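Please examine the structure shown below. The paragraphs that follow lead through it step by step.

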Amino acid sequence: MQEIKLRQSWINNFLRCPEQARQERLELVSQKETSDLLRGNAVHAAIEYAGLLRMGGQDVVTCDELIDISDTYLAESSNDVEVWRESYENIVDVCRANVTTWYNELNPILDPVGVEQTFSKSMGVRHGVQLTLTGTADWNDKSGVLWDWKNPSRHYAAWEKKRWDIQSHAYTWALEKEQFNLAVLAKGELQVIEIHRSEAQKKAFVELCWSIVPTLLTIDEATTWPQRWDGWHCSPKWCPVWQAGKCRGEHLGQNPW
Ligand code: SF4
């Protein structure tokens, strides 16, 4: 029996570009630490702190405490950033604004039963392969809704997320829920996208995961998987394979346009 573990975030990478996903899975390349990641992680750290306190029976956390957590995270982790897309000062301001918005608008209506909740769930066995989905849910709320915190530079198109977002399928399937809310914090402005996933949608997601398996089984012999050029991801800004001077990066260099 061969066990294959799929991480939700890797499924997204695979669907964007199989070759990039192959190189990441084999650890031939890795994503650079960016200021975007730093911003998201700092806000996550503050919300996680609030959620754990609440689960521990303390709900008297103040907004200033959460801003302190975010500021400290930024100060301690900024040296790891390899690619700065905006200034450190901007990141601090945006994180403070996002934490404040979360505290004022969401903290009063939320009550967690799980924070940064990891899961590992079998998708069954087919043709000698045991397929397992793994991931970490930001917030499992007592109301039955899963929440996920996003800190992009602008709000999302809600219809796109509702129609094809993978993460909401993965988490509602794994944790047996029906609703997944994206809390999108952009420059202190909150957008909530409510996504409902039916049993039929979850079954379709399981089949999507199994559709990746035949390709995954070739990973030890394949010298490449299909390349997918059509999208923002295929650029020196976003693709670690390109950045490493391989695939399109080998021919087009770091400043192609
Ligand atoms: S350069 Fe483009 S096609 Fe090649 S691995 Fe990266 S995203 Fe895929």
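How many nonpolar, polar and charged residues does the shell around the ligand have? In this predicted model, the shell has seven nonpolar, four polar and three charged residues. The ligand is surrounded by 14 residues, and the closest are C17, Q227, C234, C239 and C247. Helices also have a part in this shell: α2 (18-25), α9 (240-243) and α10 (248-252) each supply at least two of its residues.

At least three residues of the core come from each of domain 1 (2-28 + 113-216) and domain 2 (35-109). When its neighbours within four places in sequence are left aside, V43 is in contact with S70, C95, N98, V99, W149, N151 and L185.

The protein may now be considered as a whole. Its secondary structure comes to ten helices and six strands. The radius of gyration is 19 Å, close to the 18 Å that the globule rule gives for 257 residues, and the protein is therefore as compact as a globular protein of that length. Along its principal axes, the C-alpha trace spans about 55 × 45 × 30 Å. Of the 257 residues, 28% are buried. Among contacts with a separation of 6 or more, 71% are between residues 24 or more positions apart.

Definitions and conventions
Residues numbered from 1 in each chain as written. Predicted model: local features only at pLDDT ≥ 70, side-chain atom pairs only at ≥ 80, totals over all residues. Domains from an automatic or database assignment. Contact = placed C-beta atoms within 7 Å. Near = placed C-beta within 6 Å. Helix = DSSP H or I, 4+ residues; strand = E, 2+ residues; numbered from the N terminus. Nonpolar A, V, L, I, M, F, W, Y, C, P; charged D, E, K, R; others polar. Rg over C-alpha atoms; globule rule 2.2 N^0.38 Å. Buried ≥ 20, exposed ≤ 12 C-beta atoms within 10 Å, placed from the backbone.
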